[in-house]
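Grab a pencil and work through these exercises one at a time. Try each task yourself before reading its solution.

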Amino acid sequence: MINDLWILATASLVAISCALVGSFLILRRQSLMGDAISHSVLLGIVIAFLATESRSLPVMLSGAVMIGLLTAWLSDSLHKFGKLQSDASIGIVFTLFFALGVILISLFAGQIDLDQECVLYGEIAFVPFDTIIWGGPDTGIDLGPRALWAIGTVFIVVLVSILIGFNRLQTVAFHPSLAVSLGINVVFWHYFLMTLVSLTTVASFDAVGAILVVALLVIPASSAYLIAKSLKSMLWLAAAYGQASVLIGYAVSYKLDSSISASIAVSSGVLLLLTVVALEIRKRNHKMPQQTVEVQ
């Protein structure tokens with residue numbers, strides 16, 4: 001029972017963190033950038049490990065943020081100076097970085113305790129077994145799963161950052177030209193958002209895998225976008241969609257004995273589909289002409 005709670009708690013924090021930063025990616029039409037960063041950070045993690053021989057969270061986050069920002073910068077540069085389409089430039093950079101990461105893993109497989117398949121698919125069912133022990137191995141206190149502490153720390157960073165920079169992030173997302181005229185540094189806030197995406201990605205994929213991270217970055221925020229009337233309501237709704245996906249997906253995986261991460265991703269897609277269908281039904285009902293009854 002306690003293992004189920006650890007898994008649900010970790011997945012919930014991943015879903016909320018991804019929903020918050022994903023909402024701004026959707027509004028800025030940069031959802032593909034989340035996919036790019038979630039794959040390219042593998043290169044940053046490998047480089048950081050080879051340089052320090054450490055898998056500690058600060059080391060992984062530093063490498064991931066470095067490559068995440070480099071991915072965003074190179075993509076923008078190819079788009080602006082190389083005259084390539086935005087989606088093409090993003091696809092070129094992240095596939096290149098991910099491929100380089102896989103090559104480094106294959107070259108130094110004996111030194112790196114990291115598997116590209118683990119990065120892609122993850123296995124959240126193993127989260128309760130990798131815990132932090134405070135003190136000695138025999139008399140120490142079990143503080144809970146390492147993945148939970150990692151994503152919990154990043155969630156606090158993401159939440160505080162959005163609360164502090166909410167007005168500027170909102171202006172940049174909806175009115176970039178107005179933001180420039182008001183003296184807001186649009187470039188800074190762009191890379192600030194990319195930093196939050198990088199932090200969220202690397203703290204999440206070790207537990208749930210990059211594929212689920214991409215799903216939670218895009219799908220709950222997209223569902224919320226369809227029905228929200230303001231940015232604040234969109235953030236709340238995106239978090240709610242993410243939590244619903246986690247609960248439904250975990251129940252489905254338990255019933256079918258299937259992959260937890262895959263079940264959560266599918267559940268988020270089903271919720272998006274139901275939202276689209278419900279909106280379409282509502283739209284058609286409003287367009288139907290009202291019938292009048294003639295009084296004899």
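**Exercise 1.** Leaving aside its neighbours within four places in sequence, which residues is I37 in contact with?

*Solution.* A note before we start: this is a predicted model, where local features need pLDDT of at least 70, side-chain atom pairs count only at pLDDT 80 or more, and totals for chains, interfaces and linings use all residues. Residues are numbered from 1 along each chain as its sequence is written, and side-chain values use heavy atoms, with hydrogens and water left out.

Step 1: find I37, which sits in helix α2 (residues 31-52). Helices here are DSSP runs of H or I with at least four residues, numbered from the N terminus.

Step 2: look for contacts, meaning heavy atoms within 4.5 Å. With neighbours within four places set aside, I37 touches G68, M194, V197, S198 and T201.

Step 3: I37 and A72 are 35 residues apart along the chain, and their C-alpha atoms are separated by 7.9 Å.

**Exercise 2.** Decide for I37: buried or exposed?

*Solution.* Step 1: recall the cut-offs, with buried under 20% relative accessible area, exposed over 50% and partly exposed in between (1.4 Å probe, protein chains only).

Step 1: I37 has 0% relative accessibility, so it counts as buried.

Step 2: Not counting residues up to four places away in sequence, T71 touches A36, S40, V93 and F97.

**Exercise 3.** Work out which residues form one aromatic cluster.

*Solution.* Rings of Phe, Tyr and Trp (its six-membered ring) pair if their centres lie within 6.5 Å; planes under 30 degrees apart count as stacked, over 60 as edge-to-face and the rest as tilted.

Step 1: the rule gives three aromatic pairs. One of them is F188 with W189, edge-to-face at 5.2 Å centre to centre and 80° between the planes. W189 also pairs edge-to-face with F192, at 5.2 Å centre to centre and 75° between the planes.

Step 2: W189 and F192 both lie in helix α8 (residues 186-208), three residues apart, about one turn of the helix.

Step 3: F188 is partly exposed at 44%, W189 is buried at 12%, and F192 is partly exposed at 23%.

Key:
Helix = DSSP H or I, 4+ residues; strand = E, 2+ residues; numbered from the N terminus.
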